[in-house]
Amino acid sequence: MAQIFDPLPIRSITLPNRIAVSPMCEYSSKDGFANDWHLVHLGSRAVGGAGLVFTEATAVTPEGRISPEDLGIWSDAHIEFLARITHFLKSQGTVPGMQIAHAGRKGSTQKPWVGSSKLSPEEGAWVPVAPSAIGYSDKYPFPQALSKEGIRAVVEAFANAARRALDAGFRVLEIHAAHGYLIHEFYSPLSNQRTDEYGGSFENRTRLAREIVSAIRKQWPEHLPLFIRISATDWKEGGWDLDQAVELVKRLKPLGVDLIDCSSAGLVPDQQIVAGPGFQVPFAERIRRDTGVMTGTVGLIETKEQVAEILAKNQADLVLMAREFLRDPYWPLRAARALGHKISWPAQYLRAAPPDSPAREPLDLAKSTAKD
């Protein structure tokens with residue numbers, strides 16, 4: 001039975017514990033560049049003891065952003081500051097992870113504390129793309145259906161983003177294929193009405209996901225972990241469901257995906273979610289059982305008791321938390337102290353640590369770095 005502070009080996013990387021900081025959009029970039037906010041935000045969670053810290057959904061193209069303030073990795077110029085962030089995360093013994101994404105038809109929208117509507121021309125609006133010319137809602141911009149040439153360009157953009165993420169020092173990569181963004185839009189029949197080889201059958205609707213994974217694996221080293229976040233269900237009749245999610249994972253496994261980050265929803269505004277603490281855990285449990293692929297679980301997980309139960313019951317291999325880490329960047333340190341489990345603390349903070357706590361050691365990535 002896995003425990004919260006057990007290490008998790010994946011390919012050449014070993015996560016020091018089973019707690020990860022889930023990607024959380026910060027809407028604080030200009031032209032896709034990371035800045036001091038991202039360094040402090042992500043760095044604080046590493047100081048707090050998370051084993052894996054993910055960036056927010058990082059756009060692979062400018063038009064793949066949700067808002068103009070999204071983090072990006074479509075240019076080599078983005079690498080320099082991101083490398084500063086990964087250097088700090090590693091200094092705290094944390095594995096740096098990047099989630100790469102394309103927002104599809106949910107792009108060209110305002111950051112949430114400004115509003116929840118489509119951008120005006122004065123705000124820098126652009127025309128988003130999607131598998132089919134079907135809008136998410138009246139509040140969102142109407143998308144343009146991707147041509148086959150456009151699809152090829154998206155696949156290439158994901159592959160180039162993977163190369164840049166590696167150059168920036170990230171050692172876990174996650175593809176965002178959930179929450180109603182572009183890849184999810186392709187695999188769900190509710191948003192994909194294409195009649196070519198990217199629409200219709202299950203095989204066709206999941207083609208883009210498979211092509212992106214294959215293209216990334218040509219750029220992302222074999223010895224480094226590759227995750228993918230999927231929505232296990234649309235929470236709407238006639239849409240994507242857990243049975244289809246299991247079949248997708250079976251097809252992704254031989255292509256080099258190591259862990260499925262199991263979320264749900266986000267595709268349509270009239271979804272009927274039955275939410276509650278740990279409500280998405282059964283998705284991770286089923287996919288893990290039926291495919292033999294490691295899973296991570298997310299969603300309304302806040303307490304050490306929840307995390308311990310999920311791991312002890314083998315419902316998932318990794319627990320990713322978001323809002324609770326916004327409330328408490330030091331959640332792992334607090335949980336370990338409450339459980340009487342000895343974990344490392346930053347040397348600068350040892351005077352506040354439990355007696356005999358070891359000083360934090362930098363992450364030893366010599367093995368993986370030598371192969372890059």
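Buried means under 20% relative accessible area, exposed over 50%, and partly exposed in between, with a 1.4 Å probe and protein chains only. This tour of a predicted model numbers residues from 1 along each chain as its sequence is written. In it, local features need pLDDT of at least 70, side-chain atom pairs count only at pLDDT 80 or more, totals for chains, interfaces and linings use all residues, and side-chain values use heavy atoms, with hydrogens and water left out.

**Confidence**

Begin by colouring the chain by pLDDT, the predictor's confidence in each residue, from 0 to 100. The protein averages 96, and 98% of the residues score at least 70. Next, select residues 367-372, over which pLDDT stays under 50. For this stretch the model has 13 contacts beyond four places in sequence; a contact means heavy atoms within 4.5 Å. Where pLDDT is low, the predicted coordinates should not be read in detail.

**Backbone with positive phi**

Select Trp-235, in the loop between β9 and α7. Helices (H or I, at least four residues) and strands (E, at least two) are DSSP runs, numbered from the N terminus. Trp-235 is not a glycine, yet its phi is positive, near 55 degrees. The residue is buried, with a relative accessible area of 18%.

Move to Ala-265, found in the loop between β10 (259-263) and α8 (281-291). Ala-265 likewise is no glycine and has a positive phi, of about 70 degrees. Its relative accessible area is 4%, and Ala-265 is therefore buried.

**Aromatic pairs**

Now display the side chains of Phe, Tyr and Trp. Rings of these residues (for Trp, the six-membered ring) pair if their centres lie within 6.5 Å; planes under 30 degrees apart count as stacked, over 60 as edge-to-face and the rest as tilted. The structure holds nine such aromatic pairs.

Select Phe-186 and Tyr-198, an edge-to-face pair with 6.3 Å from centre to centre and 80 degrees between the planes. Phe-186 belongs to helix α4 (residues 182-187) and Tyr-198 to the loop between α4 and α5 (202-205), so this pair ties together parts that are twelve residues apart in sequence. Both Phe-186 and Tyr-198 are buried.

Then select Phe-202 and Trp-240, whose rings are stacked at 6.0 Å centre to centre, with 10 degrees between the planes. Phe-202 lies in helix α5, and Trp-240 in the loop between β9 (226-231) and α7 (242-252), so the pair links parts that are 38 residues apart in sequence. Phe-202 and Trp-240 are both buried.

**A lysine over two rings**

Select Lys-106 with Tyr-136 and Tyr-181. A charge sits over a ring if NZ of Lys or CZ of Arg is within 6 Å of the ring centre and within 35 degrees of the ring normal. The charged end of Lys-106 sits over the ring of Tyr-136, 4.8 Å from its centre, and also over the ring of Tyr-181, 5.2 Å from its centre.

**Two packed helices**

Select helix α3 (residues 148-167) and helix α6 (residues 207-219), which pack at an angle of about 35 degrees with their axes 8 Å apart. Axes are lines fitted to C-alpha atoms, for helices over the stretch in contact, and angles run from 0 to 180 degrees between N-to-C directions. Among the residues that meet are Ile-151, Val-155, Phe-158 and Ala-162 in α3, and Leu-208, Ile-212 and Ala-215 in α6.

**Helix α11 and beyond**

Select helix α11 (residues 331-339), whose buried residues are Trp-331, Pro-332, Leu-333, Ala-335 and Ala-336. They pack against β3 (19-21), α1 (36-47), α9 (304-312), β12 (318-321) and α10 (323-327). Just after α11, Gly-340 takes a positive phi of about 70 degrees.

Continue to Ala-347, in the loop between α11 and α12 (366-371). Ala-347 is partly exposed, at 48% relative accessibility. Its C-alpha atom is 8.2 Å from that of Pro-358, eleven residues away along the chain. Not counting residues up to four places away in sequence, Ala-347 touches Ala-359 and Arg-360.

**A buried glutamate**

Finish at Glu-56 in strand β4 (residues 52-59). With a relative accessibility of 3%, Glu-56 counts as buried. His-38 is 18 residues from Glu-56 in sequence and 9.2 Å from it in space, C-alpha to C-alpha. Leaving aside neighbours within four places in sequence, the contacts of Glu-56 include His-38, Cys-25, Tyr-27, Asp-70 and Gln-99.
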